[in-house]
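We will go stop by stop.

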Amino acid sequence: MNNFDQDLRDLVRDMFETMDAAPGVGLAAPQIGVPLRVFVYDWDAEDGSAQRGVIINPVLETSEIPFGEPDWENESEGCLSVPGERFPIKRADTATVKGVDLEQNPVEISATGWFARIFQHEFDHLNGTLYVDRLVEPHKTDSHNAISEHGWGKPGLSWLPGKDNLEG
């Protein structure tokens, strides 16, 4: 991305507002129909520190994804693109994201645990992947059934952040 202008600032502001209203911990531009490599995040770390920011043109490096069955209690994710659903998914325990902020300053953040999970989840969106695309059975089938039941991916069905019901 080469256009670091007011339109980009407005987009990022809107993305933060949308993420906060949802509420969510991350939002990628493609989720709102904008084909840019931008995501915002907001995570309160275990130590109480707030981690909030924007990454533009990110590159992601991760540790290996552990083998085994994902744990429902500790590894379940949700997504604003598949609202109201949660499924367990294995992710790398550590992630480092590099990119730039709105002032084009370099950003490099190393994360572990859920913060690392957020970066992996949002980075996937930039590549056209939803977390449900990465699920293993039987969770993959369960997610497809839930998506079909709700009618996601069909024209005319929308969801607004902060609303519990669907509008079509």
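Colour the chain by secondary structure. Along the sequence the pattern reads α-β-β-β-α-β-β-β-β-α-α. That comes to 4 helices and 7 strands. Helices (H or I, at least four residues) and strands (E, at least two) are DSSP runs, numbered from the N terminus.

Two notes before you click. This is a predicted model, in which local features need pLDDT of at least 70, side-chain atom pairs count only at pLDDT 80 or more, and totals for chains, interfaces and linings use all residues. Residues are numbered from 1 along each chain as its sequence is written, and side-chain values use heavy atoms, with hydrogens and water left out.

**The whole chain**

Show the surface. The accessible surface of the chain is about 9300 Å², computed by the Shrake-Rupley method with a 1.4 Å probe, where for residues only the protein chains shown count as cover. Carbon and sulfur atoms hold 49% of that surface. Of the 168 residues, 42% count as buried. Buried means under 20% relative accessible area, exposed over 50%, and partly exposed in between (1.4 Å probe, protein chains only).

Now think about contacts, which are heavy atoms within 4.5 Å. Take those between residues at least 6 apart in sequence: 56% of them join residues at least 24 apart.

**Stop 1: helix α1**

Select residues 6-21. This is α1, with 16 residues. From first C-alpha to last, α1 reaches 22 Å, close to the 22 Å expected at 1.5 Å a residue. The expected span is 1.5 Å times one less than the number of residues.

Which residues of α1 are buried? They are L8, L11, V12, M15, F16, T18 and M19. They cover an arc of only 165° around the axis, which puts them on the same side of α1. The arc is that of the directions from the helix axis to the C-beta atoms. An α-helix has 3.6 residues a turn, so residues three or four places apart point the same way.

Next, zoom in on D5. D5 caps the N-terminal end of α1. One of its side-chain oxygens lies 3.2 Å from the backbone nitrogen of D7.

**Stop 2: the largest nonpolar core**

Select F39, Y41, I55, V97, I109, F115 and F119. They have the most contacts inside the largest nonpolar core, which has 18 residues. A nonpolar core is a set of buried Ala, Val, Leu, Ile, Met, Phe, Trp, Tyr and Cys residues joined through side-chain atoms within 4.5 Å.

Where do the core residues come from? β2, β3, β6, β7 (106-112) and α3 (113-126) each supply at least two. The largest share of this core, 6 residues, comes from α3.

Apart from this core lies another, of 16 residues, among them M15, M19, V34 and L102.

Stay with F39 for a moment. Beyond its neighbours within four places in sequence, its contacts include M15, L27, V97 and F119.

**Stop 3: T96**

Select 94-100, strand β6, and pick out T96. T96 is buried, at 17% relative accessible area. Its side chain makes a polar contact with the side chain of S110, at 3.0 Å. A polar contact is a pair of N or O atoms within 3.5 Å; within protein, one must be able to donate a hydrogen and the other to accept it, and residues adjacent in sequence count only if both atoms are side-chain atoms.

**Stop 4: R117**

Move to R117, in helix α3. Is R117 buried or exposed? R117 is buried, with a relative accessible area of 7%. Its side chain reaches the backbone oxygen of I89 at 2.9 Å. Not counting residues up to four places away in sequence, R117 touches E75, E77, I89 and R91.

**Stop 5: helix α4**

Finish at residues 139-150, helix α4, and select H139. H139 counts as buried because its relative accessibility is 7%. Leaving aside neighbours within four places in sequence, H139 is in contact with P70, W72, F87 and P88.

In α4, the buried residues are H139, S143, A146 and I147. They cover an arc of only 100° around the axis, which puts them on the same side of α4. Show α2 (72-75) and β5 (82-88), which are among what covers them.
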